Amino acid sequence: MSDNSYTRVTFFSGENVPLEMHKARMVQRIHLISAQERLSVLTQTGNNTFLLPNRDVFLDMLTDSGVNAMSEVQYAAMLMADDSYAGSETFYRLEKTIQDFFGTQFFLPAHQGRACENILASSYVTAETPTVITNYHFTTTKAHILLRGGQVLEAISDAGLSTQSDLPFKGDYDLDKLDALVRGAGGPGKIAFARIEAGTNLIGGQPVSLGNMREVSAYCRKNGLLLVFDASLLADNLYFIKTREEECRRRSLTEIVREIASLMDVIYFSGRKLGCARGGGICTSNRKEYMRMRDLVPLYEGFLTYGGMSVREMEAMAVGIRETLDIHNISQTPLFVEALGQELQAKGVPVVTPFGGLGCHVDASRFIPQVPQEQYPAAALCSAIYLVSGVRGMERGTLSESRNPDGSEHLSNMELVRLAVPKRVFTHSQLKFAADRIGWLHENRDLIGGLAFEDEPRTLRFFLGRLKPIGDWQRRLVEKFVQDMPSGL
Ligand code: F0G
């Protein structure tokens, strides 16, 4: 299935257009309501894009989680599912697929990525080993570790925290930082595990190089640290390893995945991302680690042969994981992110560079420097983007952090609005529309103000929190939009 000779189809004219390597045979009608209607919906939903109903959203760029377009082969496989509490053939097919894909021996099913994180944190984060070191944290990962009294330390390279860069692997660990953190935490004996997150989500979907994974793995093995790999965003990361890491250009995707897996002790993933279905799982070849986690699956998830997943999703995931080895499958998100990023850049909109996977990330700190971090600039920009376009993005900034134990704000390293590009869902013209409206917003950025909480949940507050604009900037923004675009659309 995979073809190693080329990774993208280029145009003779030299124009950079991301070419779809699939055709759409089923479509869903979407609706574009007016800016005045959007203002009313946004007000009712507490200025939180998580709370918007789909009927009022034009382009749903909240996430790629569980919303990538599935292939016809995935749908066909769903009809073959063997429904059974125990011993389902579907499970054995999925287990075999995962063994072939990663080359690992044991597989524990779970209902999604954070369920794997719950099992990992329950198994390894203890009073004696409270520390997890990671390239960068992810919201749910961190929440599970904190819940058990642990702490998360980050060893991301300095370049990873710069929004403007041309470094190809900003998700890489800084090995010196890793060593300093291990010592500072009291030595390897105090560390629950080290974690590498593929396609580092919160810094803009930035990949980790195979070379860096080798170094981190060597360090962990030398120091007796367990190395856990979050493979949720492996598909995008794999594309970047293949295209940006010289020694990998001639290697097959299978070979690369197998080498990555051989460097890790435990691998987990969200099947809502990897495999373009729903569900998740934990893989390892180490019997001791497998046994340490195994009994938690029937407790939290479901019996060992389904782990909280429906058999249909397991079949779709198995096919989706195999399809990850097709370069023209895994190229789609990175190429569309790049196209959207270039459109935005051409309009002067500040975006995270280099373009990563997952989505295009708009830098709210540079877009609206007038809004202080305490007024959630990324959330404010996210609400403004919805008002002028009907595009639903996701705040990835201070709002997505938890408060410090003393109640003060934990200001985020970056204030980003993520415009996720789920695989094979949007067309090029839809991305151009998003860029056009965000370009308008950029020209009118002085009108944007901040947000304040009306109702703030204690954990993962970004999911369900409700906010209100500080002043009446949203009404004035919509007024100006309607002046320039009289249809209000
Ligand atoms: N790890 C990473 C890197 C993720 O991006 C996610 C989810 C998870 C773990 C948790 O997986 O959602 O299946 O429980 N990311 C989603 C997102 C929510 O929108 O980026 P889950």
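The shell around the ligand draws at least three residues from each of domain 1 (18-64 + 329-484) and domain 2 (72-325), with domain bounds taken from an automatic or database domain assignment. This is a predicted model, in which local features need pLDDT of at least 70 and side-chain atom pairs count only at pLDDT 80 or more, while totals for chains, interfaces and linings use all residues. Residues are numbered from 1 along each chain as its sequence is written, and side-chain values use heavy atoms, with hydrogens and water left out.

**Ligand shell**
- The ligand is surrounded by 16 residues, of which Thr-63, Arg-114, Asp-230, Ser-270 and Arg-418 are the closest; a residue counts if one of its heavy atoms lies within 4 Å.
- By class, the shell holds seven charged, seven polar and two nonpolar residues, where Asp, Glu, Lys and Arg count as charged and Gly is among the polar ones.
- Helix 4 (residues 113-124) supplies the largest share of this shell, three residues, helices being DSSP runs (H or I) of at least four residues, numbered from the N terminus.

**Polar contacts and burial**
- Asp-230 places a side-chain N or O atom 2.6 Å from a nitrogen atom of the ligand, a polar contact being a pair of N or O atoms within 3.5 Å.
- Oxygen atoms of the ligand lie 2.6 Å from a polar side-chain atom of Thr-63 and 2.7 Å from one of Arg-418.
- The protein buries 96% of the 470 Å² that the ligand exposes when taken alone, by the Shrake-Rupley method with a 1.4 Å probe.

Terms used
A polar contact is a pair of N or O atoms within 3.5 Å; within protein, one must be able to donate a hydrogen and the other to accept it, and residues adjacent in sequence count only if both atoms are side-chain atoms. Helices (H or I, at least four residues) and strands (E, at least two) are DSSP runs, numbered from the N terminus.
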